[in-house]
Amino acid sequence: MRQPRHGRPARRPRVSSAGGREGAPSAPAGTCWLFGTHAVAAALNNPRRVYERLLVTEENHPALEEATRSGRGVRVAPELVQRQRLDDLLGPDAVHQGVALLARVLPPMPLDEALERPGPVLVLDQVTDPRNIGAILRSAAAFGAACLVVQDRNAPEETAVLAKAASGALETVPMVREVNLSRAIEQLQKSGCWTVGLDAGGTTLDGASFDGRRVALVLGAEGKGLRRLTRESCDEIAGLYMPGEMESLNVSVAAAVGLYELVRRGMPSAYQKAAAKKPT
């Protein structure tokens, strides 16, 4: 994440493949293949998720056991297949862990509905890598973020790669898609959010300074950083304290550090004391 802006990147073509890459198997329109124990178990436990096929390499797969323990159950009959079948279906690079789910893409959630959830908000300005977005969703779930807001035409569709990187968080953190990011930031501000662009050239991000405020943290793409209009739309610009030799972080790491800085002020005092103890 750097400050200079080098122009708007060309619009990325939409992909309908299961893994979001060339050579990955296609899925019917409006669906995608999800794979991996955590991603599939979370999808099975999500009441908003509609799925059509479930392939497993063992009858008592951990994803099935987790769905059974949650009380949700499994709404389609699992199909027992050989591991090679999943390798052929998902591609040689897919770490599927013996389970794959053909699921319908989650219905979009409006921003005003997502803001009914507590916690800070994350906004991504043209972050296009599905692995980065998946990792950001995972951090958002870990630190209690309300939602992730992306610009629809400059963000990847829901794919197995994104879901795998999110490790289940795709099912628990709403991903809000907006046509105009500046208008979305304006809506956040009208809803009571203080919008902070995370980028160089501002003050140091200090979570304690936001007491009593709900913060929406806005992050730009690696290399280009925040676009000019996005920067100008934010209430303030702040950067992470980095005393080392590196000038920037991967956007998913920056999102995790920024979220921690925002929520650590609410850490229970008992936990603070325990965390402060030095290991013996």
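## Strands that pair around β8

In strand β9, the bridge partner of Gly 197 is Val 218. That bridge belongs to a parallel pairing of β8 (residues 193-204) with β9 (residues 214-220), made over 6 bridges. Two strands count as paired if DSSP finds at least two bridges between them. Helices (H or I, at least four residues) and strands (E, at least two) are DSSP runs, numbered from the N terminus.

Strand β8 also pairs in the parallel sense with β10 (residues 236-239), over 5 bridges. Here Leu 198 has Ala 238 of β10 as its bridge partner.

## About the model

This is a predicted model, where local features need pLDDT of at least 70 and side-chain atom pairs count only at pLDDT 80 or more, while totals for chains, interfaces and linings use all residues. Residues are numbered from 1 along each chain as its sequence is written, and side-chain values use heavy atoms, leaving out hydrogens and water.

## A covered helix

Now let us turn to helix α1 (residues 37-45), which is mostly covered, with 8 of its 9 residues buried. Buried means under 20% relative accessible area, exposed over 50%, and partly exposed in between (1.4 Å probe, protein chains only). Among the buried residues of α1 are Thr 37, Val 40, Leu 44 and Asn 45.

The cover over these buried residues includes strands β1 (31-35), β2 (51-56) and β4 (99-104), along with helices α2 (62-70) and α6 (160-166).

## A serine in α5

Ser 139 is found in helix α5 (residues 130-142). This serine is buried, with a relative accessible area of 13%. Leaving aside residues up to four places away in sequence, Ser 139 touches Ser 252, Ala 256 and Leu 259; contact means heavy atoms within 4.5 Å.
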